[in-house]
Amino acid sequence: MKALADRIVDVINLLHITAHLGGGVGKVLARLAAESRRRQDGIRHTVACLDTIEKTQFVEQFQAQGGQLLLCPSPQELARQICLADIVQLEWWHHPVVAGWMCSGELPPMRLIVWSHVSGLHAPEIPPAFAATPHRFLFSSPCSLEHRALAGLMGTIGERLGVVVSSGGFADMPAPADRSHSGSLRVGYLGTLNFAKLHPRILDFVAAVRLPEFRLALVGDPTTGVRLLAAAAANGCERRLDVRGYTTDSARELASFDVLAYILNPLHYGTAENALLEAMAMGVVPIVLDNPAERYLVQHMETGVVVRGPEEFADALDWLATHHVERARLSANAAAAVRAAFAIERTAESLQGHYQAVLAQDKRSFDFRPIFGREPADWFRSCQGDEVWRFSDDRDSRPVAGRGPEFLYERTKSSVFHYRTVYPTDGRLASWAHALAAEQ
């Protein structure tokens, strides 16, 4: 035990295993590497990306902070890196490539921390046996514990569960600007534009707005919002949308907003919602629905406005447009609260506590096949929750379904289409994807 105690204050070789370094995960890992360098905390960050990288913004930031990157390592090289690591941190959101590694057989001994970057309240769900297996299982939002099966684990393995919000902090975000102007309210949304993320009735919210000069700026990749833009053109809402496209400079866009209309699908998979937190850090007042993840990030009439439907959305915009002092109060509160609660220092300190705890434990080997299965179709199906009935092995036993929740039809985001793309020879995945495609 003396050697272990000594190593707690020595160098920690930390291996992150992830599908890629895009989106919120890429940002938080790049910022954690920067924070380790600033604090000189002795943590050496290595990231093993198991899939190809499309966006390099956070890759470059991670490497600039001294982080080591392994891109699509061979099974032998990955096993070697696992053996060298003091701690392995699996960045998990049920990505098919990561599932393939997890279920490739008995894995080398390691001290394993799993950090889940999806809520697990809806597909992809978190199998309770999975959460109970590693040395530590970390949720990225308290909302995950609203799942009855996961909450039930607290009484049995509570000391091995934790919540660390996956925020990368706001060091690159400018200070909140003065938004006390009395001109037309500037309203925007930043993020994914498809209906798995945005509320499927988002155009009803847009149509309900009574402000005569209202336009909703949409910052996101238009290729993910084809259905949204087509629906807007069909029902006459197109003139109320200002489609700005994808950007790597979110701060520039957020500086032009007074209000963030963050009206998300109640079944969305997110947790920390970095776009929302960044907006609040810059003093943009959020309007959100009372969804599980958002209710842990926005306090109604303290740091934003929580609404329950289109009419309340329209009422909130009317109120914000005419109550300039109160809007300024919400803006200041949002910026102060988010910058304090979700700073990268807080994220790093929370993780450090878990690192110190697992360093005192022995390495173990893991075999996830009893939890997830042995074939790609099994891996996919294991996390489908209430929608698992759609993915029966017996095609004739499946009822005529009709269109299901929007997340089923994603082409990525761990959907059946995503799994089929990665594992094209799996007949069950092909059959399920064909059946879902026919429902669209």
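Student: Which residues of α2 meet α3 here?
Tutor: In this predicted model, Gly23, Gly26, Lys27, Leu29, Ala30, Arg31, Ala33 and Arg37 of α2 are in contact with Phe58, Gln61, Phe62 and Ala64 of α3. Sorted by class, the contact of α2 with α3 has six nonpolar, three polar and three charged residues.

Student: And at what angle do α2 and α3 pack?
Tutor: Helix α2, which covers residues 23–39, packs against helix α3, residues 57–64, at an angle of about 15°, and their axes are 8 Å apart. Angles under 35 degrees count as roughly parallel, so α2 is described as roughly parallel to α3.

Student: Which hand does the crossing have, left or right?
Tutor: The crossing in which α2 passes α3 is left-handed.

Student: New topic: what is the phi of cysteine 72?
Tutor: Cysteine 72 has a phi of about 50°, a positive value although this residue is not a glycine. Most residues other than glycine have a negative phi. Cysteine 72 sits in the loop between β3 (68–71) and α4 (75–84), and with a relative accessible area of 37% it is partly exposed.

Student: What about histidine 94, is that one buried or exposed?
Tutor: Histidine 94 counts as buried, because its relative accessibility is 1% and buried means under 20%. Its phi is also positive, near 65°, and its place is the loop between β4 (87–92) and α5 (96–102).

Note on methods
Residues numbered from 1 in each chain as written. Predicted model: local features only at pLDDT ≥ 70, side-chain atom pairs only at ≥ 80, totals over all residues. Heavy atoms only, no water. Helix = DSSP H or I, 4+ residues; strand = E, 2+ residues; numbered from the N terminus. Buried < 20%, exposed > 50% of the residue type's maximum accessible area, 1.4 Å probe, protein only. Axes fitted to C-alpha atoms, helices over the stretch in contact; angles between N-to-C directions. Parallel < 35°, antiparallel > 145°, perpendicular 65-115°, else oblique. Left-handed = near helix turned anticlockwise from the far one by under 90°. Contact = heavy atoms within 4.5 Å. Nonpolar A, V, L, I, M, F, W, Y, C, P; charged D, E, K, R; others polar.
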